[in-house]
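Please open the model in your viewer and keep the selection panel at hand. The stops below are meant to be taken in order.

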Amino acid sequence: MSVENLVLPSGDIIVAHRFGNPGIRPFVYLQGGLHADEVSSTVALEQLVRLLGELVGGSCIRGEIVVLPHCNPIGLKQFLLGRHQGRFSLSDGSNFNRGFPDMAAMLRPVLDAPSADFGRDRVAELGRHILTRQGTTGPTRALQAELMRLSWGADYVIDVHADMEASVHIYSSAVSWAKLRTLAGRLSARVVILAEESADRPFDEAHSRAWQDLGLPSSTASCTLELRGLSDVSAKTASNDALGLLHFLGDIGAVEVAAPSPPDPDTTAISLEDLEFVESPQSGIVMHLVDVGAPVTKGDIVARIFDPTNPRLDSAWTDVATQRDGCVFARWHQRVIQAGMPICKIAGSGLGGKRETRLSD
Ligand SMILES: [Zn+2]
């Protein structure tokens, strides 16, 4: 067990907690706080570090585990007009969870070399070497390169986030999900969204897709785990989430821990196309009518928007209906909304509504 302080070129420090021995598999990497305001992830992983620390004395760590409760010290200190801003970098405007290094593109020239050893450990070592040597432009890219270096070659990568107001849900790919299934039951995730490519290289896909793109049989099983909403930071949920994660580490053989069998997950796995973003048809004040986690049927009014600039009160309210059956698993957290912004997300089925093919920023 060790604690590593990694100093970025910006002078900011990432704290990484290491358990087990380097090179022992499974290698599991967990990080929280990449979107620096989504800190239900941070308090859960802090609790997980404590739980893992208790296992060290009993030699119950079977693999290599690296945990970063908050991996984004740059975003953590970003305040604008007195409000914290953790999703986008104030230095360049980019989303912290987009544009991670394209490992396949970086490794392909090396792996094309004749008589190269393409074993998983060798590919992991080469990738880390390239990441260490390459230059980066700007603090955000330097942070992303460091996070990729720490995690590259892991068997499991779990990037822990939070949505705005939400129940626990998970983004992953079909190939990854086959190896991560028990995570849903352990964390009581009701919704799992599966996509091969959902956006411009978020952290989890930068891992899973790289191995696929290189055509290598080994792969990293990765996911983005959304631990409820921005305000859901509590001792009780943090400790429950940490215990769920610990039991998942037991499921995959990374730790030896007494745990009940994985619960049968009450989970709906959907494709990105089955995700409905209900958009606000106008600017105004949003009043949600459906709680997070509640089922809806096509035509249900999920919210009403009040336009205070309309002098006629009888026409100032606009009802917004879902266009599919499903479950509201996330809602927008602010109550002043612009036309076109998402009011809520529905895990649905069937046609209707705006079908998603990419996640927004
Ligand atoms: Zn996030």
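Residues are numbered from 1 along each chain as its sequence is written. The model is predicted, and local features need pLDDT of at least 70, side-chain atom pairs count only at pLDDT 80 or more, while totals for chains, interfaces and linings use all residues.

**Domains.** Select residues 2–266 as domain 1 and 272–349 as domain 2, bounds that come from an automatic or database domain assignment. Their C-alpha centres lie 32 Å apart, and 13 residues of domain 1 are in contact with 11 residues of domain 2, where contact requires C-beta atoms, placed from the backbone, to lie within 7 Å. On the side of domain 1 that touches domain 2, the elements giving two or more residues are β8 (165–166) and β10 (191–194); here and below, helices (H or I, at least four residues) and strands (E, at least two) are DSSP runs, numbered from the N terminus. The residues of that side divide into 6 nonpolar, 4 polar and 3 charged, with Ala, Val, Leu, Ile, Met, Phe, Trp, Tyr, Cys and Pro counted as nonpolar, Asp, Glu, Lys and Arg as charged, and the others, Gly among them, as polar.

**The nine-stranded sheet.** Next, colour the 9 strands of the open, mixed sheet, whose order is β1-β2-β4-β3-β7-β11-β9-β10-β12; two strands pair if DSSP finds at least two bridges between them. The edge strands, β1 (2–7) and β12 (268–271), each pair on one side only, and the twist averages 20° from one strand to the next. Within this sheet, β9 (residues 169–172) and β10 run parallel and are joined by 4 bridges, and Tyr 171 stands opposite Ile 193 in β10.

**Helices across strands.** Helix α8 (residues 203–214) lies across β7, β9 and β11, running at about 160° to β11. Axes are lines fitted to C-alpha atoms, for helices over the stretch in contact, and angles run from 0 to 180 degrees between N-to-C directions.

**Helix pairs.** Now show α3 (residues 103–111) with α4 (residues 120–133): how do their axes cross? They come within 10 Å and cross at roughly 110°, which makes α3 roughly perpendicular to α4 (the range for this term is 65 to 115 degrees, and angles over 145 count as roughly antiparallel). Met 103, Met 106, Leu 107 and Val 110 of α3 make the contact with Val 123, Leu 126, Gly 127 and Ile 130 of α4. The axes of α4 and α5 (residues 139–151) come within 9 Å and cross at roughly 155°, and these two helices are therefore roughly antiparallel. At their contact, Arg 128, Leu 131 and Thr 132 in α4 meet Ala 145, Met 148 and Arg 149 in α5.

**The four-stranded sheet.** Select the 4 strands of the open antiparallel sheet ordered β17-β16-β14-β19. β17 (317–321) and β19 (336–337) stand at the edges with a single partner strand each, so one side of each is left without a neighbour in the sheet. Strand β14 (residues 284–288) pairs with β19 over 2 bridges, and Gly 284 has Ile 337 as its bridge partner.

**Backbone details.** Finally, zoom to the cis peptide bond joining Arg 25 and Pro 26, where omega is about 5°; Pro 26 lies in the loop between β2 (13–19) and β3 (27–32). Leu 81, in the loop between β5 (79–80) and β6 (83–84), has a phi near 50°, a positive value in a residue other than glycine.

Note on methods. Angles under 35 degrees count as roughly parallel, over 145 as roughly antiparallel, 65 to 115 as roughly perpendicular and the rest as oblique. Two residues are in contact if their C-beta atoms, placed from the backbone, lie within 7 Å.
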